[in-house]
Amino acid sequence: MTIVDAGGTGDGLHGVVPTERFAKPALGLTDTDGRPFDLRTRTQGKITLLFFGYTMCPDVCPTTMADIAAALSEVDRSVRDQVSVVFVSTDPERDTGEVLDRWLKGFDSSFIGVRGPFAKVQSVAESVGVPLEAPEVQADGSVLVTHGSQVIAFGRDNRARVLYLAGTSVADYIADLPVLTAEKTGTTAGADDDAATSTGSPASPTDAQKATSRPTGTTASTPTGTAAATSSPAPAPAAAARPTPVATG
């Protein structure tokens, strides 16, 4: 998946636009109540913000959820009602349904938590260009979870519309959400039907050169929930036609 311009889109949005508008996946996982969850069905006709992360993440995950929640609290109710936020756990062993539900409700009661076997989560994540590695227990007992931290915004047509990198400001979300919800692209049966065969699916992160978005660094969380992060210097702004960013959190 290639980024057109990491400095903003040509149509006034503050995220970055993939050259291929890949289809919204069904996910095929379960919600926090243990019920089968189909992303396309549950978010039909809405702007959908999809994020992969874990509850014991010490920085990127809670910051991203807090920023989106803050933005939703500021936009008009008519805009707020047209947006669905879905958080997929990348650490399903520790993120039980109860843990995930309680954590998300701390940000916004409408946020949807989804989980499932790690292998399935990894497959779905990589199908939409989000790199994900299995949780690793370190020598000191901490658990390292490395995952892409981009928020994928899907339009009403069930296609990827724009990506928001880690560090996107609340003001940027506030500015963009009314624009996204105002787009009258509509939903089409073909968008869902194309999901399994779309040639616009992003390449696996292992097949493309990786560029790191801000903030960077892997995060290691301990079984008690405390965490430490090691960060690397932020890169220079991405130029046009860079590969999809890979951020860890």
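The tour goes from the whole chain to the sheet, then to the helices packed on it.

**Stop 1: the whole chain.** Keep in mind that this is a predicted model. Show everything first. The chain holds seven helices and eleven strands. Colour by burial: 51% of the 249 residues are buried. Now switch to the surface. Of the contacts with a separation of 6 or more, 71% join residues 24 or more positions apart.

Stop 2: Which order do the strands of the open sheet follow? Trace 2-1-5-4-3-8-9, seven strands with mixed pairing. Select 36-38 and 160-164, which are strand 2 and strand 9. Both stand at the edges with a single partner strand each, so one side of each has no neighbour in the sheet. Look along the sheet next: neighbouring strands are turned by 35 degrees against each other on average, direction ignored.

Stop 3: Select residues 27-31, strand 1. Its pairing with strand 2 is antiparallel, over three bridges. Find Thr 30; Pro 36 of strand 2 stands opposite. Four residues separate the two strands of this hairpin. Click on Gly 34 in the turn, where phi is positive, about 85 degrees.

**Stop 4: the other partner of strand 1.** Strand 5 runs antiparallel to strand 1, joined by two bridges. Select Asp 31, and then its bridge partner Val 114 in strand 5.

**Stop 5: strands 3 and 4.** Move to 47-53 and 83-89, strand 3 and strand 4. These two run parallel, with seven bridges between them. Pick Phe 51; its bridge partner in strand 4 is Phe 87.

**Stop 6: helix 2.** Helix 2 packs on this sheet, touching strand 3, strand 4 and strand 8, and its direction makes about 160 degrees with that of strand 3. Select residues 60-74 and check the length of the helix. At 1.5 Å a residue, its 15 residues should span 21 Å; the end C-alpha atoms are 21 Å apart, so the two agree. Show side chains. The buried residues include Val 60, Cys 61, Met 65, Ile 68 and Leu 72. What covers the buried residues of helix 2? Among the covering elements are helix 3 (77-80), strand 8 (151-154) and helix 6 (170-182).

**Stop 7: helix 4.** Helix 4 lies across strand 4 and strand 5 (112-115), at about 155 degrees to strand 5.

Key. Residues are numbered from 1 along each chain as its sequence is written. This is a predicted model: local features need pLDDT of at least 70, side-chain atom pairs count only at pLDDT 80 or more; totals for chains, interfaces and linings use all residues. Side-chain values use heavy atoms; hydrogens and water are left out. The expected span of a helix is 1.5 Å times one less than its number of residues. Buried means under 20% relative accessible area, exposed over 50%, partly exposed in between (1.4 Å probe, protein chains only). Contact means heavy atoms within 4.5 Å. Two strands pair if DSSP finds at least two bridges between them. Axes are lines fitted to C-alpha atoms, for helices over the stretch in contact, and angles run from 0 to 180 degrees between N-to-C directions.
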